[in-house]
Amino acid sequence: MPFPSFNASNVLPPYVGQWPGAPLGFSPYPATLGEIAQQLGATPERRGILAGFIQLRRQLRNLGFTIDRQWIDGSFCENIEFLEGRQPGDIDVMSFLSHPTENDAAAFGALVNANIHLFNPIQSKAHFKCDHYAMTADAMSIEQLCYWNALFSHRRNGLWKGYLQIGDEGAASDDILLADLGAAGLAP
C-alpha cells in the first residue's frame, strides 16, 4: 500500500479506498522509516524529531528490546504547519515491545526503572522529542489496544484521522537514516 497523502483536512486519512472496511485500506498504515522521513521530514524541525525517534529506537534495542511494531501519530503526522501555523514539537509513539526478562517481573521492573527516560513520556519527550509509551506483548489487552487506537485515530477536536505503523527494519537501516540526518546537522 502506498504511503497515504494528507486529505482535505490536512491529516492522514482514517482509511483509503471506497469504504472503511476494505482490507488493508485503513489506519494504521504500514510505513518504513525511510518513507516517513521522505514524506514527513520536510523541515529541519521534523528531521530533528526523526533523529530523536531513531535514537530512542537505538537505545531500546541496546537494552535487548525487540521492537515488534510502533504506532506513530500526533502533530508530526499532520500538516500542522497549515492547520495551526507551527512546527510539530514531537512525535507520538506507542511501542509494542518484547524483552527476554519480561516474564521476570523484578528484573524487568529494574530494567525499566534504570532507563526511565525511555518509558516516562515526559522524560522521553525531553530526551528524544518523542511522547513515548510502551507495552510488552504479555501486558497487552483488547481494552488497551482499543484505547490507543481510539486516541491515535482522532484529533483533539474529534476529527477522524489516520496514523502510521512501523516495524523494526533493523539497526542498520535506522543508522543509515540517522547518519544522513547527522550529516545535515540534525541528529541529537
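**Figure 1. Cover over the buried residues of helix H4 in the predicted model.** Helix H5 (116-119) and strand S4 (130-136) are among the elements that cover the buried residues of H4. Helix H4 itself spans residues 105-114, and its buried residues are Phe 108, Leu 111 and Val 112. Viewed down the axis of H4, these buried residues lie within an arc of 95 degrees, so they line one face of the helix. The other side of H4 carries Ala 106, Asn 113 and Ala 114, which are exposed.

**Figure 2. The buried residues of helix H1.** Within H1, which comprises residues 33-40, the buried positions are Leu 33, Ile 36, Ala 37 and Leu 40. They take up an arc of only 100 degrees around the axis, which places them on the same side of H1. An α-helix has 3.6 residues a turn, so residues three or four places apart point the same way.

Figure 3. The protein has eight helices and five strands, and from the N terminus on its elements follow the order β-α-α-β-α-β-α-α-α-β-α-β-α. Its radius of gyration is 16 Å, close to the 16 Å that the globule rule gives for 188 residues, so the protein is as compact as a globular protein of that length. Of the 188 residues, 45% count as buried, and among contacts with a separation of 6 or more, 70% are between residues 24 or more positions apart.

**Figure 4. The surface and charges of the protein.** The accessible surface amounts to about 9,300 Å², with 57% of it belonging to carbon and sulfur atoms. There are 12 positive and 19 negative side chains, and the centres of the two sets are 7 Å apart.

How values were computed: Residues numbered from 1 in each chain as written. Predicted model: local features only at pLDDT ≥ 70, side-chain atom pairs only at ≥ 80, totals over all residues. Heavy atoms only, no water. Buried < 20%, exposed > 50% of the residue type's maximum accessible area, 1.4 Å probe, protein only. Helix = DSSP H or I, 4+ residues; strand = E, 2+ residues; numbered from the N terminus. Arc of directions from axis to C-beta. Contact = heavy atoms within 4.5 Å. Rg over C-alpha atoms; globule rule 2.2 N^0.38 Å. Areas by Shrake-Rupley, 256 points an atom, 1.4 Å probe, with all protein chains shown as cover. Lys, Arg positive; Asp, Glu negative; His and termini not counted. Charge placed at Lys NZ, Arg CZ, Asp CG, Glu CD.
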